[in-house]
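Trainee: I'd like to learn how to read salt bridges in a model like this one. Can we go through some together?

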Amino acid sequence: RARAVFVADSLRSTYAIRDTATVRFCAGGDVTLGTNLDTSWTKLVSRRLHRRVAALPAPDSLIAPLRPLFADADFALVNVEGAIGGGQPPFDKCVKSSGGCFALRMPPAAAAAIRGVSKRTVIANLANNHARDAGAEGLRETQRALERAGVVVTGVDTMPTLALTRHGDTVAFLGFATSGGDNDLGDLDAVKRHVARAAAANRRVVVTMHLGAEGADAQRTVDSTERYYDRPRGNPVAFADAATAAGADLVIGHGPHVVRAAEWRDSALVLYSLGNLVTYGPFSHREPMRRGVVACATVDGRGAVREVKLHPTMQRAPGRVSTDRSRRALTLVDSLSKLDFPKTGARVHRDGKLVRR
């Protein structure tokens, strides 16, 4: 009987720890800190802005304004939209292309700049359609550069990336995209298996999805396969169904270059697109592509998401990102959530707090 009481007390203590062992995540969307491949875009932008735009600014200068937005994060997660490396690239992505091809490769200093977004753990997702812009060897070079800089990398395969929390347990990160490979988000049965495997061994699971159509006409979230340049780019709702059913606590979306809706799935949260974070390269910085958010959420020891806040950002020109005082992105996420998910869509207050409707 004494042993039974001891076991019961131990179980109560364990669950109390799990309930209070909260972890704070902050996530941003697409990050491109310059490109050392085709730099002809700088001439067009320079003419439009009536000032010279350099092809390769100091990457750290582009990241610096973002650090306050990640200040309370135990884990900072960003999507690294491009390869990293110097010298002649080992692969020419666009050599056979007749149009609609963009190749992005950041200078080596970008790796340290990405690590500098937060004083704590930084996670870089490489499951996207530009991480392989310098080929398979370029992807390996990108991963090595980030890891040497102290960045935790996810999204290069289907194995969960584990990061240690201050409580002594681990968080599992997985990245999926529509760019081919084993972690292709089009195979939903495989997505379920990979996420369930991670959830079985970790209290908290964070999944990123790089998918969807792109541009001003891509703000709405639809439950069907989206296309871009006539290529299939995944079904965001079906992917969110698969990931959350298998145990994902947070599903972070990016790829459309615009913000999208947010939706509650029981205790899990799906952010369908955070938009661009800082994109220095041949991207459009017109409305609504210039609007983005940094999303911060607390996840407790059982994996329940709470205390969510969105920080609105704005890019007025390539790489010139700042907090958006107009809070336009908050209005967009709130209205899109109500339109696309009337029953489960999130509500966003003017101060950025994201709650249930």
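This is a predicted model: local features need pLDDT of at least 70, side-chain atom pairs count only at pLDDT 80 or more; totals for chains, interfaces and linings use all residues.

Trainee: Where in the chain do R204 and D169 lie?

Mentor: R204 lies in strand β9 (residues 204-210), while D169 is in the loop between β7 (161-164) and β8 (170-177), so the pair ties together parts that are 35 residues apart in sequence.

Trainee: Are R204 and D169 buried or exposed?

Mentor: Both R204 and D169 are buried. Buried means under 20% relative accessible area.

Trainee: Which salt bridge does R120 make with D74, and how do the two sit in the chain?

Mentor: Their side chains meet at 2.6 Å, N to O. This pair links distant parts of the chain, 46 residues apart: R120 is in the loop between α4 (109-115) and β5 (121-125), and D74 is in the loop between α3 (59-63) and β2 (75-80). D74 is buried at 10% relative accessible area, whereas R120 is partly exposed at 46%.

Trainee: What network do D74 and R120 belong to?

Mentor: A network of salt bridges that links D74, R120 and R166.

Trainee: And what about R67 and D60?

Mentor: The side chains of R67 and D60 meet in a salt bridge too, at 2.4 Å from N to O. R67 is partly exposed, with a relative accessible area of 29%, and D60 is partly exposed as well, at 37%.

How values were computed: Residues are numbered from 1 along each chain as its sequence is written. Side-chain values use heavy atoms; hydrogens and water are left out. A salt bridge is a side-chain nitrogen of Lys or Arg within 4 Å of a carboxyl oxygen of Asp or Glu. Buried means under 20% relative accessible area, exposed over 50%, partly exposed in between (1.4 Å probe, protein chains only). Helices (H or I, at least four residues) and strands (E, at least two) are DSSP runs, numbered from the N terminus.
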